[in-house]
Amino acid sequence: MGKRNWRSVQHFPHEWSNRTRLAANLIEDTWSVIEFGAGNGYLGNILGTEHKYLPTDLIKRRDEFEIVNLDLPLKLSGTFDAGVAMGVLEYVSNVRFTLKEVSNSVPNLITTYCCDRYRFPRFKP
């Protein structure tokens with residue numbers, strides 16, 4: 001994948017929408033949700049107004065976004081039933097530290113991790 005300029009949502013692959021929809025299906029109807037690395041905030045559009053939803057990222061893309069750096073200790077502005085981090089962990093400096101911080105902050109985490117350099121061996125029946 002290589003380094004990209006994630007400041008502009010034009011660099012977000014369209015396929016990420018499918019991944020976000022799958023994640024949204026795992027979120028209980030009553031959960032409040034914080035999204036780490038929310039990007040374009042698409043998850044909030046899917047969840048709608050029936051969920052308390054807080055998008056966060058390294059930059060404030062819109063007014064409702066809060067700035068959160070997952071390389072630093074988390075100081076969340078509220079409590080949440082779940083955290084979502086789609087395609088974020090591969091960009092943090094210390095995954096173990098980040099997962100510990102997140103697990104101390106939210107009881108449920110929905111996440112993905114991209115291993116684009118790993119080639120899975122071909123399956124032979």
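**Figure 1. The largest nonpolar core of the predicted model.** The largest nonpolar core comprises 14 residues, of which Ile27, Val33, Leu43, Leu47, Tyr53, Val84 and Ile110 touch the most other members. Two or more residues of this core come from each of helix 1 (16-24), helix 2 and strand 4 (82-85). The coordinates shown in this and the following views belong to a predicted model. Apart from this core there is a second, separate one of 12 residues, which includes Ile34, Val68, Leu74 and Val106.

**Figure 2. Surroundings of Val33.** Val33 is one of the residues that touch the most other members of the largest nonpolar core. Beyond its neighbours within four places in sequence, Val33 is in contact with Ile27, Leu43, Leu47, Lys52, Tyr53, Leu54, Phe80, Ala82 and Val84. Among these partners, Ile27, Leu43, Leu47, Tyr53 and Val84 are also listed with Val33 as residues touching the most other members of that core.

**Figure 3. Ser32 in the loop between helix 1 and strand 1.** Ser32 has a relative accessible area of 10% and is therefore buried, the cut-off being under 20%. When neighbours within four places in sequence are set aside, the contacts of Ser32 are Lys52, Thr79, Phe80, Asp81 and Ala82. Lys52, Phe80 and Ala82 are also in contact with Val33.

**Figure 4. The His51 side chain and its contacts.** His51 lies in the loop that runs between helix 2 (42-47) and strand 2 (53-57). Its relative accessibility is 10%, so His51 counts as buried. From this position, the side chain of His51 reaches the backbone oxygen of Trp31 at 2.9 Å. With residues up to four places away in sequence left out, His51 touches Ile27, Glu28, Asp29, Thr30 and Trp31. Of these, Ile27 is also in contact with Val33.

Figure 5. Five strands form an open sheet in the order 3-2-1-4-5, and their pairing is parallel. Strand 3 (66-67) and strand 5 (109-111) stand at the edges; each has a single partner strand, so one side of each is without a neighbour in the sheet. Strand 4 and strand 5 are paired in the parallel sense through three bridges. Ala85 is placed opposite Thr111 of strand 5.

**Figure 6. Salt bridges.** Two salt bridges are present in the structure. In one, Asp57 is joined to Arg61, with 3.5 Å between the closest N and O atoms. Asp57 counts as buried because its relative accessibility is 11%. In the other, Glu64 pairs with Arg62, and the closest N and O atoms are 2.8 Å apart. Both partners of this second pair are partly exposed: Glu64 has a relative accessible area of 42%, and Arg62 has a relative accessibility of 34%.

**Figure 7. Confidence along the protein chain.** The protein chain has a mean pLDDT of 84, with 78% of its residues at 70 or more. Where pLDDT is low, predicted coordinates should not be read in detail.

Definitions and conventions. Residues are numbered from 1 along each chain as its sequence is written. This is a predicted model: local features need pLDDT of at least 70, side-chain atom pairs count only at pLDDT 80 or more; totals for chains, interfaces and linings use all residues. Side-chain values use heavy atoms; hydrogens and water are left out. Helices (H or I, at least four residues) and strands (E, at least two) are DSSP runs, numbered from the N terminus. Buried means under 20% relative accessible area, exposed over 50%, partly exposed in between (1.4 Å probe, protein chains only). A polar contact is a pair of N or O atoms within 3.5 Å; within protein, one must be able to donate a hydrogen and the other to accept it, and residues adjacent in sequence count only if both atoms are side-chain atoms. Contact means heavy atoms within 4.5 Å. A nonpolar core is a set of buried Ala, Val, Leu, Ile, Met, Phe, Trp, Tyr and Cys residues joined through side-chain atoms within 4.5 Å. pLDDT is the predictor's confidence in each residue, from 0 to 100. Two strands pair if DSSP finds at least two bridges between them. A salt bridge is a side-chain nitrogen of Lys or Arg within 4 Å of a carboxyl oxygen of Asp or Glu.
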